[in-house]
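Good morning, and thank you for joining.

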Amino acid sequence: MVGARLAVVEGLVRELLKEEAPSRIAALTEELFQAAGSISEEDGSAAEVEEGAVSLWNWAVTKHTGSVVNDEQRAKLRFVACRLVCLCEGSDPPEGTIRRQILMSMKTGKGWIDIGKADLADGFLEIAMSSIEKLYAKLLKGSDGEADIHVHKADVEKNLFKVLSYQAESAVAQGDFQKAVMCVQRCKDMLMKLPKETCYLSILCYNFGVETYEWKRYEQSSFWLSQSYDIGKMDMKYSVGKEMQAKVLRLLATAYFEWDCNLYLDKALKAVSLANQENLHPAGVFLKVKILLKSGASDEDINSAVAEFLHHEMSLDFCLNTAKLLLEHGRESVGFDFLKSVPERFESSPDLGKIALLHIEFLLQNKRELLAKQKVEEIIIGHYTGKQLLPEALNRLHIILWDRAAKHYEAKSYSEALHWYNYSVSFYTPGQIDQNLAKLQRNMASCYLHLKQVDKAKEAVKEAERCDPNSIFTKFCVYKIAVMEKDTDKAVEAVIEMGKLAEKLSQHEDRLRVDENTGTNLLSLAAQIALENEQQVVAIKALEYLSEHLQDCRQLFAALKCLVRLMLSKFMAENEDKRDEDINSMLTYLTLAHKRLAESFTEEKFTGDMRILEAHWFRKVAWNLAVQFRGYPEKMRDFFLLSFKLSQFCPSDKAVLIAQKTCLLMAAAVDLEMGRQVTPSEQTELLTQALQHLQACKEIWKVLKLTGDFAKDPTDTLLLLYEFEARSKLNDPTLHNLMESVWEQPQTEVKTLEIIASLAMESPARYPVLCKKALKSALNLHRKQPVIDAVKFSKCLHSLINLSLPTGLTDLDACVLQEVWHYFEDALSVVSSTDAYPEMEILWLMTRAWNTGIFQYTVGKYKEAEQWCGLGMRLLNHLGSLKKSYEGHMIGLYSEVLDKLDRAKRFLPNEEE
């Protein structure tokens, strides 16, 4: 009977056997593997289950051959098939079933080992071992005699050998050295009966030796390699062969060498000597020399080792590597002697130049420069007498020559560097165009410049331009010469060319040809050279191009700081007419700083603390520049706004908030000031900008007021006045709402009210009602003072009377006159109570009152005329030195007015009683 879990597995098997789609096969394989792992004997069995398992096994073999399933999927399907077959085994399975189970278990275990999951193999190998025992017992039971027993035993031992070898593989993979040794020893004991397996077991032990060597388990590796060699000698008929034996011994020698050369030197030498006896191979000879060198053997012993292969065919590269090994270990006598003998063996080889190059390299390493020069000169002569080096060797020689020249350059031996560069030049034909030749000429130009041989440097650069005209390095050489000759125009021109080429380099797709930082590095060096030579204009131009191309934030900000300082210094030294351009440049630098600070959030190397430090530096600089350029209002505003924007990258502490508030207030103030001197359309734009700054300022001010006591801070007043001016001139309908909040504030100062009154009537604004209300409020505040400030009071009253009683108006409403009369009475009251009232203001009041009276007189309003003229006469009495100038004329006129008034009264009808 089949259980539910087994039925699921059976169903999945049937579905898989019909499936063709690789993706579905992969999914079903995984489902089967998971499901089969949970089934047990309790789930039952059936004949059709066993049949399905065998079909699955065969299907997996076929599909793996056709590459439909991979190694891991095949291992999982074998696992499923094997589990199902084991469930169907029964108590006394027939011989065929046991043999099939042995085969399936062995292959399943081996499959897990092959994909690196040796721990999953052990269980199946144990099943295989158990099945072998069952098979042997079954065969013995049915045997007829001694002969049959030997046949059955031989039959079983083949499978037993395989299982033991697989178990050894699994143990090595899992690091169980003792178990692996035990399994291999049992296999080794069986070789007398299974001599054909000698080669297999020898190679298996070699593989174990390779694995443990790679894991640096040298003791285990030496054991396995020794076993491999010993097993390989057991039966020459089935041996692995001399080449393989030599390979095993070379690795054994290497294992001893790397394990502990001093302790196992003899064993290493013995192993490699045996290897060379088995099969002389360059690797064996090389290893022997290497071991002898490490052991500190005498030159005589090493010479003997080298002599071993002198009579054998060895490649040129092998000979060169041996010579190199000897020379690197300081065996100059043996090494150079050997090197001298090599050309004779390879006279016809096109690679003969490699020997000379190695000779030169080691002569230079051993500081025998004179001998090296002789060798180079021999090669140059050979180059022009038909003994040219191969291109690869020639390139290598150029590298050696340049490297030697570079070392002399670093040591400041410029003449000697030129000597080596000239060797390299010798291999180029006249007129040849080559980028390496251009580089060579540039290097020579640098040497000439250090030697102050400018004309020769120019010639070299000219040659470099001929070979590679669009090289940024060549332009850099031109630049250096221009700076040295103090030719500012040419230096600036060279920097501009370098900037253009740097742009091309940054866009170049072939990053292998030119390092992407080349342009910025050269521009940075150009700026440094200009500064060292006190050529400020050139340095500024180099730094400007540099700042356009730098990707590293820290380098960019350093360049921008330098630019700001240089440009400010230039600004201070220049004439007024050239300063605008410098200010614009500084604005550009700070704007770029703001842009890159905003972008720096995505740069990992540029930390938050770095960003804050840079933002503080640039915001303070922008602030200081704004203050310094107060003679340039528009620029001053722009710098204040930049300072505000830059401060937004800083923590919002009290100091930063105060700075932000001030920046925005100043920007708004400048916009308002500029708005008073421009066309209406420009004014609208400026006033709108001012309102935007004020709105932002208000938000900051709200936060700032929470941080402390700002009772004496004028910000509220300034915000009110600036906003009032902007809205009044924009004819903003919300102006009255703004003023409502002002009338409700009892603490509004007199000065504020007076400014509001003035602004309310400043063109294009015209708000007489608001103006009058502000002036009245101001007068009320003046009256409330313990001692009235007569001067300020007089000015405020003057404005209010002017507004209420405009000059030149003839038709005045009685209500208006009544209102103005009260203002005059207020004035008279203050005039009567103090001597501080300005005499000119008293004169003005008297004149306005008198003229109003005279006007009333001319229109026949004698009573009103007498009232206003009388007021003028009262004010006349308070004049000082000016009284005499007006008194005679006014008294005469006043008498006429009174006389007219008396005559008018006689014609008036009497009132009814």
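I begin with K776 and E819, whose side chains form a salt bridge with an N to O distance of 3.7 Å. The term salt bridge denotes a side-chain nitrogen of Lys or Arg within 4 Å of a carboxyl oxygen of Asp or Glu. K776 belongs to helix α36 (residues 768–783) and E819 to helix α38 (residues 814–833), so this contact ties together parts that are 43 residues apart in sequence. Helices here are DSSP runs of H or I with at least four residues, numbered from the N terminus. K776 counts as partly exposed because its relative accessibility is 35%, and E819, at 21%, is partly exposed too. On this scale, buried is under 20% relative accessible area, exposed is over 50%, and partly exposed lies in between, with a 1.4 Å probe and protein chains only.

A word on provenance: this is a predicted model, in which local features need pLDDT of at least 70, side-chain atom pairs count only at pLDDT 80 or more, and totals for chains, interfaces and linings use all residues. Residues are numbered from 1 along each chain as its sequence is written, and side-chain values use heavy atoms, leaving out hydrogens and water.

How many salt bridges are there by this rule? The count comes to 39. Another of them joins E485 to K458, with the closest N and O atoms 2.9 Å apart. E485 sits in the loop between α23 and α24, whereas K458 is in helix α22 (residues 454–467), and the two are 27 residues apart. Both are partly exposed, E485 at 40% and K458 at 36%.

R676 and E673 also meet in a salt bridge, at 2.4 Å from N to O. Which residues make up the network that includes this pair? Salt bridges link E673, R676, E725, K729 and E762.

I turn now to the cysteines. A search of the whole structure returns zero disulfides, a disulfide being a pair of cysteine sulfur atoms within 2.5 Å. For C205, the nearest cysteine sulfur is that of C187, 8.6 Å away. Is C205 buried or exposed? C205 is buried, because its relative accessibility is 0%. C447 is likewise buried, with a relative accessible area of 0%.

To finish, I return to the loop between α23 (472–484) and α24 (488–507), where D487 is found. At 31% relative accessibility, D487 counts as partly exposed.
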